[in-house]
Amino acid sequence: MSGRRNGNRIRGPQSALTDFLAANNISAAQIRDDHERRQREARNNGEGSSTAAGAEATPAIGEDGADEDVVERDEEEEERVRVESKKRKRKGEVEALEKIKKAKAGKGKGKEEKGKWKGKGKGKAQGKKGKKGDPDEDDDDGDSDDDFDPDDLGRDMYKKSRPLPGQFEHCEICSKRFTVTPYNIEGPDGGLVCTPCGKELKKDVKAEKKSAAKQPQGRKRRKLESDRLDGLVNRGAKSLQQMCIETVAKHHDDVEELGDMPAPLVERLSQIFSKQRVLKPKTLPLFLRPDLQSVVLHDAAYLEADDYKQIFAVVPNVQKLVLGNTCQMKDEAMEYMLERCLKLKHVQLYASNLVSTEMWEKFFTVMGGRLESLALKWLDNALEDESVEIMARECRNVRRLKFKLCRRLGERAVVAIATLPKLQHLSLQLSRDVSNEALISLVEQRGPKLLTLSLEKFLDADETLLSAIHDHCRSLQKLRVSENDTVTDAAFTSLFTAWPNPPLVFADFNATRDIDNNNSDGPLEDPIGLGSAGFTALMAHSGQALKHLDISSCRHIDIVALSEAFCSPDAVYPALEYINVSFCSRVDTEVVEGIFKACPALKKLVAFGCFDVGAVRVPGSVVLIGVPRAREGIEQFGGYFDGGGEGMQGLEIGGMAVEVSA
């Protein structure tokens, strides 16, 4: 009987009584054994009594003394058996778990499929040593160890059966009582968990799988290109500071505060949060401290009206305020800012379209002489010319002014700006037409003190404007005249010829070219935009001090001018860090290599649309953007590649320096 009970591997449907007994740890075999044991003990006791008394019969069960003794012994024996059963069960569970672990650890690369069957009397069981018999047949002498499965042992003999749907159970994690459903999952120790805890467990499992999953190569490539466009170049291992910043940005939901982090690092974190679109009301307090003097949030699109009041309430001593995408900022927030922030001097607001024109006028009136810097961008329905006139009348200490894509500003605003006595930095990109005379008047009045002049998309500006800049501007460091199809190459040449202004540090003349679909090259006799002569004059005047040069889409600069500027033996531009030559069709591989030689401080070169640029070796300290055939795996650091390999002092392969003989 014992052999049949141990060797029979048949599994089938169980009755409700069987499930109930298993759920309450009641064993039918144990009940039977206890019953047989009590019968044997009673029989032995009866035999002992008959021997002592002779041939007398066994005392009747109704006698009180003997009956009480038997009951007492039965209870004590049952208690002892129950304790031993629990000990055996615990010991069996431990041994089963150990066998399961050993069995799993001993398995090979693939799991051999065990014998399975579907239905009754169908299928075949395949063991490790070969083919087995039909599982429907009784195996009376099945004492063999071939079908011993420790998984089945631990699962079938020692695991508590799952409660049925509709029953009550206590959560393994939070110990709350809940109604069992078919969708409840098991906890770490095998018990069921409630629905909220189950959701948290699923989140944890999903996060672990996501972290363990290998990042696709394409995503890594996109991340690399994104960092390059942002100007981030990592050579070798990342710094501890960079790793800490990235870790904080990755686990932003778990960060409670940044502590006494320096303001530059706080602004850097703000940039990362804005780029990843995680700057929300929950993470806003990380960037607010009462001791801060600047609040820089480049993407406030997720902030609501009350969040802006929170900014001004927590940081009342703010002097510099930079808020981008302020689409939910309203008049109430501006009013609160004027009441709380009495030291505010520098304001940059982008897309504040819910602020009314009346509030802008009140803002200029209340700020008055405190306002030193103002930058407004993407304003559609507010900020009229009259508002700028009020600003020019009330805010006489403005030194830096930027108006970009403000749809309601026009020529009257330009005339009012010309009356600001302390203006040093001016950037304008207006949607309405402005006459050339208004721009010339602005340059004549404010030109001698201007350090920055940026005029974008002024289509009516012609050579007379450049002539006024040549005659009146004596301190310019940054000059931008872009997206213009009127100014000629001769005007640019005259501007940089015998100009008493110091060399420029920043020069941007992108998209100054003739726009004619029927004649893309434009007039050959007098080219429109910055051409070969103007580019040569620019490099002769400001080449030694230039740090930023943007000549993208200047299609009339020929290969001769580019080669003379960058490929000649004496061409050296020690301060040049950024160059954009995108869509300059004459740029080729030789020009790019010449740029690498002539600009030792170069950090970024942008060359989109330069189809003549081939496989060029990029120095280790330079980011080349827009050239898909540039070889980045082998990067030069000790000398410069000259096309033939001579003069190469070393290569960097995979981050490791390798010496190469000449």
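This is a predicted model: local features need pLDDT of at least 70, side-chain atom pairs count only at pLDDT 80 or more; totals for chains, interfaces and linings use all residues.
Where is the place of Asn325, in terms of the strand and the helix around it?

1. Asn325 sits in the loop that runs between strand 4 (320-323) and helix 11 (331-340). Its phi is positive, about 55°, although the residue is not a glycine. Most residues other than glycine have a negative phi.

2. With a relative accessible area of 17%, Ala351 is buried, since buried means under 20%.

3. Cys406 is part of strand 7, which covers residues 400-406. Its relative accessibility is 0%, so Cys406 counts as buried. Not counting residues up to four places away in sequence, Cys406 touches Leu376, Leu379, Leu383, Gln429 and Ser431. The C-alpha atoms of Cys406 and Glu384 are separated by 8.8 Å, with the two residues 22 apart along the chain.

4. On the surface, a nonpolar patch is formed by Leu17, Phe20, Ile26 and Ile31. Together these residues have about 390 Å² of accessible area. One of them, Ile31, is placed in helix 3 (residues 28-53). Ile31 counts as partly exposed, at 48% relative accessibility; the patch takes residues with over 30% relative accessible area.

Notes:
Residues are numbered from 1 along each chain as its sequence is written. Side-chain values use heavy atoms; hydrogens and water are left out. Patches are made of residues with over 30% relative accessible area and no salt bridge: like charges are joined within 9 Å, nonpolar side chains (Val, Leu, Ile, Met, Phe, Trp, Tyr) within 5 Å. Accessible areas come from the Shrake-Rupley method with a 1.4 Å probe; for residues, only the protein chains shown count as cover. A salt bridge is a side-chain nitrogen of Lys or Arg within 4 Å of a carboxyl oxygen of Asp or Glu. Helices (H or I, at least four residues) and strands (E, at least two) are DSSP runs, numbered from the N terminus. Buried means under 20% relative accessible area, exposed over 50%, partly exposed in between (1.4 Å probe, protein chains only). Contact means heavy atoms within 4.5 Å.
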